[in-house]
Amino acid sequence: MEKAVEEFGQLNVFANNAGIVVVTPFMDIDEGQLNKAFSINVNGTVFGTQAAAKQFMKQNSKGKVINACSIAGHESYEMLSTYSATKHAVRSFTQSAAKELAAHQIRVNAYCPGVAGTSMWDRIDEEMVKYYDHMKPGDAFKEFSDAILLGRSQEPEDVANLVSFLASDDSDYITGQSIITDGGIVFR
C-alpha cells in the first residue's frame, strides 16, 4: 500500500487477488489445510480491504476494492469444499465491507471466475485423479468446460475485462456485488 502511494501519489483501486485452491474429500480435510486456505483466501482479503479503506479515508477520496472470488463462492463443489467455503466467506465479507464503507465512497465488489485453463485447473485435475479411479488428467477440466453454455473455457481476458470495468468510473454505482464471469455455468 505504502509503495503504491509513494509511487503514484494516492491509491484509487485495490485488488485482493491472492488465493489458493485445496482439493480434498470432505472427510479428509485437516486443520492445516483449513487454516492455510482461510489465512490466504479470507484473512488476506479482509486485511487487504481494511488497509485499502484506511488509505482511501486518509486521502478523503472515493476508492475501489476488488476481491477475487469464484463461482465456488456461489456454488459449493465436491472435492473443493474448503476452497468453496473460503470463497463464500470472501463473498460475505465483500457484502459486509460494502455496507460499512459506502458512507466513505468506497465501493467493494468481487469478481467470480469460472473454468480457465490455468495452473490452478491443472492442480485440480491432478488431485481429482488421485481420488477418482475413472478419471485421468484433463477429465475434470473437460467435464466442467463441457458444461459452459458459451462453448469454451475462460480466457484471462474474460476476467480482466470485468476487473477493468469494476476499477473504472463506469462502475461507480455498483457495490457489494460478486459478479460471475463464467460463460454460463452458475446462475444467481
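Leaving aside its neighbours within four places in sequence, which residues is Ser61 in contact with? In this predicted model, Ser61 is in contact with Leu11, Phe56 and His104, where contact means heavy atoms within 4.5 Å.

Residues are numbered from 1 along each chain as its sequence is written. Because the model is predicted, local features need pLDDT of at least 70 and side-chain atom pairs count only at pLDDT 80 or more, while totals for chains, interfaces and linings use all residues; side-chain values use heavy atoms, with hydrogens and water left out.

Ser61 sits in the loop that joins helix H2 (31–59) to strand S2 (63–68), helices (H or I, at least four residues) and strands (E, at least two) being DSSP runs numbered from the N terminus. With a relative accessible area of 17%, Ser61 is buried, a term for values under 20% with a 1.4 Å probe and protein chains only.

Strand S2 belongs to an open sheet of 4 strands, paired in parallel in the order S1-S2-S3-S4, and two strands pair if DSSP finds at least two bridges between them. Its edge strands, S1 (13–16) and S4 (178–181), each pair on one side only. S1 and S2 are joined in the parallel sense over 4 bridges, and Asn16 stands opposite Asn67 in S2.

Two helices lie across strands of this sheet, as the table sets out; the angles, from 0 to 180 degrees, are between N-to-C directions of axes fitted to C-alpha atoms, for helices over the stretch in contact.

| Helix | Strands it lies across | Angle to S3 |
|---|---|---|
| H3 (residues 81–101) | S2, S3 (106–113) and S4 | about 160 degrees |
| H6 (residues 156–167) | S1, S2, S3 and S4 | about 170 degrees |

Key:
Buried < 20%, exposed > 50% of the residue type's maximum accessible area, 1.4 Å probe, protein only.
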